[in-house]
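Good morning, and thank you for coming. Please look at the structure on the screen while I describe two parts of it.

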Amino acid sequence: MIVGKQKSISEIKSIIAPFKKVLILGCGTCVKTCFAGGEDEVSVLASALRLACKMDGKDIEIEEFTVERQCENEFIQEGAPAIARNEGVLSLACGAGVQAVARRFARTPVLPGVNTTFIGVLETQGVFTEECAGCGDCKLAVFGGICPVTRCAKKLLNGPCGGSQNGKCEVNPETDCAWQLIIDRLRILGQMDNLRIYVAPKNWQTSLSGGPRKMVREDHMI
Amino acid sequence: MTENFKPKITLFHCINAFGDADELFTNGSKTCEIKTVKMACSSMVKDVFLLRAFEAGADAVVVMVCPEGQCRYVEGNIRAKKRVAWVRNLLDEIGLDGRRLSLTHMSAGDQAAATRTINDVVKKLAELGPNPAV
């Protein structure tokens, strides 16, 4: 899922400052799971902003609405009447959701309420970790299902550096050494021979470094 | 402090920590107005409910939970404690002052402790004054 963190109240206040009627638009998919922009977070933020604006003596109307997914027109459409009633939209979706809503409603300012942070997993309740860099050329089959591109601070593809200590990364001792994890996992899988496979330097053209990417599935196009 | 300020306090309480707080506070203190909200477990106290209580005019909000280790649902009071801490930070960020929100562990039916808690909140409100967001 995409993991994000809600912006501070002070930043959000400054973002919505020019408007008197604002819709806080939540997204019921990734950002709901990471407690940044689902229905619950929309209602908490709306309440907090109403209190904050009253304290500042600012007259503002805040409406709340959450769609299932902000990155698809079909779901965005459900928010159309609420969007039409307001001067601006504070989207609590990831950056993709914000832009999808902005594209659909070209005349309405659509503003971000969340800092989109990474693609990750729910490691334990309330803890999210980054697991995928979206590099566009997945080699997880070689690495026993553990990504050194994302989880090794040095992005090493052919074995660990010399700084790993007690299974922890020398860059951040709180982070597991990705290569320790890879070797432990390959041992369990009986795939230690994978370590003999030379992985060529990565071609970053498939990543964001090659410019914004586009995927076309003609069989799904009408 | 504003003269003749009679604080409004909203009290969220677990029914296991305090069976019927209404009765206790209906006759209760002449120094404050108390609204009570009963919950089957203190873990039901969501952050938005606490904020809405302030929006509805509360000068302070109190959450009464069972003593640690004595929650009927094992960890409800721990969840409530974490949520209250989260909302206190939010209130500070808003500028409303997190001290307006407090959590108290309460043995079942301990009327004296409940009264003491409310008196402490009233004293604190004498310093903080009325809810500035009303």
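This is a predicted model: local features need pLDDT of at least 70, side-chain atom pairs count only at pLDDT 80 or more; totals for chains, interfaces and linings use all residues.

A:Ile24 belongs to the largest nonpolar core, which has 77 residues. The residues with the most contacts inside this core are A:Ile24, A:Val31, A:Ala48 and A:Leu92 from chain A, together with B:Val63, B:Met64 and B:Val65 from chain B. Which helix gives the largest share of this core? That is helix α3 of chain A, residues 39-55, with nine residues.

Apart from this core lies another, of eleven residues; among them are A:Phe143, A:Cys169, A:Trp179 and A:Ile182.

I now turn to helix α8 of chain A, which covers residues 178-189. This helix has twelve residues and reaches 16 Å from its first C-alpha to its last, close to the 16 Å expected at 1.5 Å a residue.

Which residues of α8(A) are buried? They are A:Ala178, A:Trp179, A:Ile182 and A:Ile183. Seen down the axis of α8(A), the buried residues fall within an arc of 130°, and therefore they line one face of the helix. These buried residues pack against α7 of chain A, residues 148-151. On the other side of α8(A), A:Arg187 and A:Ile188 are exposed.

Finally, what follows α8(A)? The helix is followed by A:Gly190, whose phi is positive, near 70°.

Note on methods:
Residues are numbered from 1 along each chain as its sequence is written. Chains are lettered from A and ligands numbered from 1 in the order in which they are written. Helices (H or I, at least four residues) and strands (E, at least two) are DSSP runs, numbered from the N terminus. The expected span of a helix is 1.5 Å times one less than its number of residues. A residue is buried if 20 or more other C-beta atoms lie within 10 Å of its own, exposed if 12 or fewer, and partly exposed in between; C-beta atoms are placed from the backbone. The arc is that of the directions from the helix axis to the C-beta atoms. Two residues are in contact if their C-beta atoms, placed from the backbone, lie within 7 Å. A nonpolar core is a set of buried Ala, Val, Leu, Ile, Met, Phe, Trp, Tyr and Cys residues joined through C-beta atoms within 7 Å.
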